[in-house]
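Colleague: Hi! Could you walk me through this one?
Modeller: Happy to, here it comes.
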Amino acid sequence: MSSVTLILDRHMNFLKRATTSVLRRPGKTIILLLLVFILGSVIAGAISVEGAISNTDANLRRNMQPIMSIGMDHEAWWEYESTYDFDWETTFPPAPPILTPADVRAIGDLNYVTFYDYMAMVGLSSLDLRRYEGEHESWFQEGVPDWFDLRGVSSSSMVVIEEGIIELVQGRQFESGELTPGNERATALISVAFADVNELAIGSTFELYEVITLPTDPDGDSWIEWGPEMFIDENVHARVGLEFEVVGLFDVPLDPDVVQHSQEYQDRIRALNAIYAPNWSIEDVTRRIAVEHAAAWEASPYDAPGWVGHQLENSEHQMRVIPLFVLEDPADMDHFRTAGAHYLPDFYQFEDLSSAFDEIASSMATMQTIANWILYVSIGATLLILSLLITLFLRDRRYEMGVYLALGEKKGKIITQILMEVLVTSFVAITLSVFVGSLISGRVSHNMLMNELTAEVNNDPWDNWRHEWTIFDEIGIPTTSMSADEMMAQFDVSLGIQTIGLFYVIGLGAVILSTLAPVIYVVTLNPKKVLM
C-alpha cells in the first residue's frame, strides 16, 4: 500500500469516526441541534434587523430627491466663538467663514453633480404689499409693512423649477442678461397667490426696501419698537430698496392630504410668499443697507458704537449664499459629501432632504440599538451555554479520547474530529434558524415601526412639526414628511448574501470558540490519567 493510500485511508477513518459519533448519539445530537437553533434564531433576528434597517434607509434615500445644499454647523461655531472675550465696544467676536460663489463652483464641478445653482438671501419689507395667508387670519397691521423673503437666482434654469418644487404657470424664467449687474430694475418671479392678493400681473412693478431708523440712545441698545411709529418720517433715516418687474408667476404643488396648521401647510404658505430675483440685486441692496446703517449713526447726535464700523467692514457677512446641488443619483450622496468636504470652509456641512423621514429614522435608530444589545447578549449566551454543554458531553467521552491518545492519535485530529461533530450539527441548526429568526424578527420589527409611526400620525395636527429647522425650510424647498404607509412601503427585511454570510460567520464562529476551550483542555490531559 502506497503512502498516499495510507494517508487517504487514515483520513477516511477519521471522517467515519466523526460521522459514527453523531449518528450513535441521537439524544445528544438533538439537544445540541435544538440549543443551537434557538440561540441561532436570536442571533439571526438581531442581524436581520440590522440588515432591514440598512435596506430601508437605502430605499428611503433612493426615493428622495437628490438635492443637497450647504449649511453652517452652528453648534460647532458657537462653541468656537465662546472661547473669545469681547465687549462690542473695542473687541468683537470672530466673523464666521464665508461660503463664496467660488466654493460653490468648485463643488458644483464634481462628477456627481448634474446641475447646481446658488442663491443670496435677504429679508425686505413693503407698505404696499401684503403676504398671502391662506386660510389663516391675516396679521396685517395698518401703517406697518409686511416682511418678505427675497431669494436670489444665478441661472436661467432655476433648480426649484427644474426639480418640480415650484411650477411656472405664466410668463418666463430669467434671461441671462437679467442675471448680471448693470440693470436699472431687477426682474422677479412671484407666486400666483401672492399676485392675486396684491393685484399684480406680468409686467407689474413693485418695490421692496429696508427702513433704517435713527438710534434712540448712545449705546444703540434701544430702538423704536416695531409698529407705525417706526415709519414716521422724522424717525426714518432712509429707505434702502429696489424696484422689481414681474416676469413670471409660479405655483407650489398642493398635496391634498396635507392638514392645515401642519408643518407641510406652513411650508407651502412660506413658499408662496417667496420672491425670486437675480443675485446681483440682493448683493447690491445688502451692501447699501450696511452703508446706510453707518450713515444713520453719523446723522444722529450720538457717537457710533464700535460694532457699527465692524458691521460695515464685514457687510458681506449680512448676506448668505446658499447653494443647491442636483445629483445624478441619490445613492451618490455619501460619495459627494466625501469629495466635496475638501472644498467646504470650516464650520460648514452638507445637508439633504432626509428630514422627510425623521420619524422612521428615529424609530430605526432605537431599534438598531436594541438589536445590537440583543446580538451582543446572544453571542455571549451562546459562548457560555455551548461551552458548558460541550464540557458535559466530553465528560462521557474522556475514556474514548484517552484511548485515541494512547494509540498515538495526534491531538490536532482529535480536536478536529470533535469540532466536525459539533459543526455538522450546528450547521444544520444555523441553516434552519437563519430563516426562522429572520421571519420572526421581520414581523416584530415591522409591527413595532408601524405602531410608532401610526402614533406620530395620530398626533394633534398642531403638534405635527419637525424637530429640526433645516436650510431647505429657509430657502423654500419643502422637506415634506412621508406618510406612515409610504415609509413602511420601503421597509425591507430581505436577506442578502452579505447578511446571510455574516450570520454564518458569527454563528459558526461562536460554536467553534465554545467547542475549542473544553476540547483543548481534555486532550492536554495525560492519557494514563484519563484511562485510570
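Modeller: Trp 373 and Tyr 376 sit 3 residues apart in helix H11 (residues 358-395), so about one helical turn separates them. Helices here are DSSP runs of H or I with at least four residues, strands are E runs with at least two, and both are numbered from the N terminus. This is a predicted model, where local features need pLDDT of at least 70, side-chain atom pairs count only at pLDDT 80 or more, and totals for chains, interfaces and linings use all residues. Residues are numbered from 1 along each chain as its sequence is written, and side-chain values use heavy atoms, leaving out hydrogens and water.

Colleague: Are Trp 373 and Tyr 376 buried or exposed?
Modeller: Trp 373 is exposed at 59% relative accessible area, and Tyr 376 is exposed at 53%. Exposed means over 50%, buried under 20%, and partly exposed in between (1.4 Å probe, protein chains only).

Colleague: How many aromatic pairs does the structure hold?
Modeller: There are 12. Rings of Phe, Tyr and Trp (its six-membered ring) pair if their centres lie within 6.5 Å; planes under 30 degrees apart are stacked, over 60 edge-to-face, the rest tilted. In one of them, Trp 77 and Phe 347 have ring centres 5.2 Å apart and planes at 80°, so that pair is edge-to-face.

Colleague: Where do Trp 77 and Phe 347 lie?
Modeller: Trp 77 is in helix H3 (residues 74-81), while Phe 347 is in the loop between helix H10 (333-340) and strand E10 (348-351), so the pair ties together parts 270 residues apart in sequence. Trp 77 is buried at 6%; Phe 347 is partly exposed at 23%.

Colleague: New topic: how many helices and strands does the protein chain have?
Modeller: The chain has 17 helices and 10 strands.
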